[in-house]
Amino acid sequence: MIGRLKRVPGRFGRFTQSLAEGAGSAALRFPVATLLVVAIAIVSNLAVRNIYVPNEADFVWLLAALYGAAASSVVAAIFAETRRLPVSVRVVSPIAAALIVGLVIWFGPDLGVTAPPLILAATLAVPLAPYIGRHDACRFWVFSLGTIVGVALAFLSVLLFVLGLSAILEMIRFLLDVGLPNDAYEHIYVTAFALIGPLFSLGRIPRDFDETIAITGDDRLIAGVRILVDWVAAPLVLATAIVLHLYAAKILVTGEVPKNEIGWIVATFAFLLLSLRIASDPFIAGGAWPTRLLARIWALALLVPLAFLFYAVSLRILAEGVTLERYYLALAAVAAAIVVGLEAVPRTRGDIRWMASVPIMLLALSSFGPWGAASTVGRSQTSLIVTEFGWSDGMVGSGIPAADRPANAQVRLRSRLYALEEAGELDRILPFLDPGAAARYAEAKRGSPGTEMNMVFAELGLAAPSPLSEVRSFAANAGAAVDLAGFDRAVLERAVAVTEGVGGAKRVMPARPGDVALAISGSELTIRIGAVADRVDLADAIAALPETVFTTDPYRLAPPIVDVTSASGRRIRLALRQLSLSRDTGAILSATLALYYRAADWQAEAVEVPAGAAAKTSLGGGGDRIEPEPGGIVGEGTR
């Protein structure tokens, strides 16, 4: 046992040494990406402290720009490394790539650039960069496997380390009453996944671009991948292909319209099939029969599902125009069709580099230009809106009036406006509105970001969407001593039901002596003890709570104690363990509290004991209860 304990520091040291070596390797090989990762970690830790750089609205855009710049700098660095370019070029190219991509993403809304596909394309291009126009598919496969496994192991190692560290810290808190504040845990997680994980991953990217692996050897990793491909992935993909072809045959026979989700089903199938074709490439010659069969028929297996996908997407686009979802479904179909078409070209037939590069290139192209996702959606939806809801005058031009419309027409107009907003193309509608609309739109965008849609709705005579109600809340998890002077009964920490009205609260409350029921409606707490009910308005008591109650760490906050008087003059003491309020109305949305009262204040008038009833003592300390003996069928008699 002692020997095992002695080995723990050594294992921890080896892990930290591995992390340090990975971070050091990343800093030497990818200095630009390393600096950008450090910047991401810094601004993310500042956000934990509610300090947003440059501001809360643009914080996500800054993270996206920094990450996109880091990914593109890695692509440029690897590309220059494999070409053995001069040192000056190898230094400058990552900086240039990071500046260009980072600035394009940062100014994306103004430039008409859709950031997510560009960022994803830059990330997926990392394993492809060394093999553009050189080497062979086998080396690309080995490098991709090494990169994917290295990055996965890096983040898995960091995840296991952080989970273990959190468990130890929580054990120390529980057993020794010594612990870190909650924000310290947040800093640990953010630093682990925004700094240590990415740096460790960069350090795991292989340096050898010409490495090959003997597929028939005894390598355990290759053997594991081979089994996964031969007997798990390939049979599942073949079964999925059969199901899709059966469904296509059903559509042809019945003539029914394809189901709404078929587009994503076929797109996912195409992605999995191409991924499996790439992953199985080294195993085809000596693979199991499912792998060999899939290698022969994969292109043919895609033809019918792709035709099906084109048909389904075209139906939706003709009826409702292009949206981001439909655009990328169509893009997936185009990418798969191009890959299938390349099989007819001898030079590219069976080359997995083309299978990987075509979707990545199309993804990058979709982020900008008139062919891009944003512009295509903007043109399509604006045209539909003007055609259906606008007017045209040869002298003045076209416009959209603010008129009363049928309910179904309003639904269609809202849907198309939301599609424009999702694509960042809402300003395309401005030329068709009132001449002063553009100025009001610019003022709303500058002064109150996020309210532009409300302004457009108002211009078109549509009701503004109802915003979600903001909530103020606190939880008090620290222990506290409550002074019981003047009180002789307690109801300990009960979650109180929130009802729509006091009448509804009364109906759910039992009326047996000693039983206590609580309900809240608005800011009013209804209390029923036995047969006696009373109400307490908590609005003033809650308003008197200091603001620090809503901002203090729950583990450091003791339950606030409030003394209130009911509508009938009864004194009550409450210990508020948890409270959530609507910021707009002040209504209580949820509450957990302890109630202290005097039993003498809640005595009901004497009641006659029903015949056949027996007095039973309440084990909860609530006094004797009178309950009738069971009689009649279930549901009859007093409850």
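The legends below describe close-up views of a predicted model.

Residues are numbered from 1 along each chain as its sequence is written. Local features need pLDDT of at least 70 and side-chain atom pairs count only at pLDDT 80 or more, whereas totals for chains, interfaces and linings use all residues; side-chain values use heavy atoms, with hydrogens and water left out.

**View 1. The protein chain as a whole.** The chain holds 19 helices and 12 strands; these are DSSP runs numbered from the N terminus, helices being H or I with at least four residues and strands E with at least two.

**View 2. Helix 4 and the helices around it.** Helix 4 (residues 87-106) has 20 residues and spans 29 Å from its first C-alpha to its last, close to the 28 Å expected at 1.5 Å a residue. The expected span is 1.5 Å times one less than the number of residues. P94, A97, A98, V101, G102 and I105 of helix 4 are buried. The buried residues of helix 4 pack against helix 2 (31-48), helix 3 (59-82), helix 5 (108-111) and helix 6 (115-124).

**View 3. W298 in the largest nonpolar core.** A nonpolar core is a set of buried Ala, Val, Leu, Ile, Met, Phe, Trp, Tyr and Cys residues joined through side-chain atoms within 4.5 Å. The largest one has 88 residues, of which W298 and L302 touch the most other members. Beyond its neighbours within four places in sequence, W298 is in contact (heavy atoms within 4.5 Å) with L273, L274, R277, V339, V340, E343 and M355. A second, separate core of 32 residues includes V491, V536, F550 and L557.

**View 4. E425 in a loop.** E425 lies in the loop between helix 15 (407-422) and helix 16 (437-447). Why does E425 count as buried? E425 counts as buried because its relative accessibility is 10%. The side chains of E425 and R428 are joined by a polar contact of 2.4 Å; such a contact is a pair of N or O atoms within 3.5 Å, and within protein one must be able to donate a hydrogen and the other to accept it, while residues adjacent in sequence count only if both atoms are side-chain atoms. Leaving aside neighbours within four places in sequence, E425 touches A374, S375, G378 and L420.

How values were computed. Buried < 20%, exposed > 50% of the residue type's maximum accessible area, 1.4 Å probe, protein only.
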